[in-house]
Amino acid sequence: MSISRIAARYAQSLFDLAQQEQALDQIHEDVKSIEQVVELPDFEAVMRNPLISTEKKENIFEAVFKGKIHPLALNTLMVMAEHKRERYLSAFCHFFHNLYTEYKEVSIVKLTTATAVSQAAIDNILAGFQEKGLIKKDIELEVAVDPSLIAGFVLEFNDKVYNASVAQKLSELRTKFSQNLYTKNI
């Protein structure tokens, strides 16, 4: 079974239980906290190490998370460790976050600009996409700066990329001019 299918099943199970317990928002925050810990190189190395017993990994989960996260989230971690699925924690967190944002109708958007821009400019860009129905009203926004764009912006959302950068336009022109329209192809 693929990593994504395994992680998605655990995420879906926790998501369903969180809905039943009416603790979805709290558990989502807990999963974000778990993800921060899982991304630590030392923690990840311990979880991926097959020489460390399941019992020790469960003890680590209890020491790090007990009393700090919802019992359902902790139980999910314990079950994952029991079934030797702890190496899929990062993917599990990612899938849970996607389920949550889809349920709450939140668009995950990444805006990359050539230079830092004002909040008014960001709002203006996002409003244009919202008016066209491409992104939802509620947005989880990540803003980045990439000077290689020269000018303009790149907006990533719903597995789509809208590239309105000068670098992209120059690349398109370079490709167009590299094609010799006056030479007959044989």
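**Close-up views of a predicted model**

View 1. Setting aside neighbours within four places in sequence, the contacts of Lys57 are Val46, Met47, Asn49, Ile52 and Glu86.

**View 2. Val46 in helix H3****.** Next comes one of the contact partners of Lys57, Val46. Val46 belongs to helix H3, residues 41–48. Beyond neighbours within four places in sequence, Val46 touches Ile52, Lys57 and Ile60. For a sense of scale, His28 is 18 residues from Val46 along the chain, and their C-alpha atoms are 24 Å apart.

**View 3. Helix H1 against helix H5****.** Here we turn to a pair of helices, H1 (residues 3–20) and H5 (residues 71–82), whose axes come within 10 Å and cross at roughly 155 degrees. H1 is therefore roughly antiparallel to H5, since angles over 145 degrees fall in that class. The crossing of the two helices is right-handed. On the H1 side, Tyr10, Leu14, Leu17 and Ala18 take part; they meet Leu72, Ala73, Thr76, Val79 and Met80 of H5. Sorted by type, the residues of this contact comprise 8 nonpolar and 1 polar, with no charged ones.

How values were computed: Residues are numbered from 1 along each chain as its sequence is written. This is a predicted model: local features need pLDDT of at least 70, side-chain atom pairs count only at pLDDT 80 or more; totals for chains, interfaces and linings use all residues. Side-chain values use heavy atoms; hydrogens and water are left out. Contact means heavy atoms within 4.5 Å. Axes are lines fitted to C-alpha atoms, for helices over the stretch in contact, and angles run from 0 to 180 degrees between N-to-C directions. Helices (H or I, at least four residues) and strands (E, at least two) are DSSP runs, numbered from the N terminus. Angles under 35 degrees count as roughly parallel, over 145 as roughly antiparallel, 65 to 115 as roughly perpendicular and the rest as oblique. A crossing is left-handed if the near helix is turned anticlockwise from the far one by less than a right angle, and right-handed if clockwise. Ala, Val, Leu, Ile, Met, Phe, Trp, Tyr, Cys and Pro count as nonpolar, Asp, Glu, Lys and Arg as charged, and the others, Gly among them, as polar.
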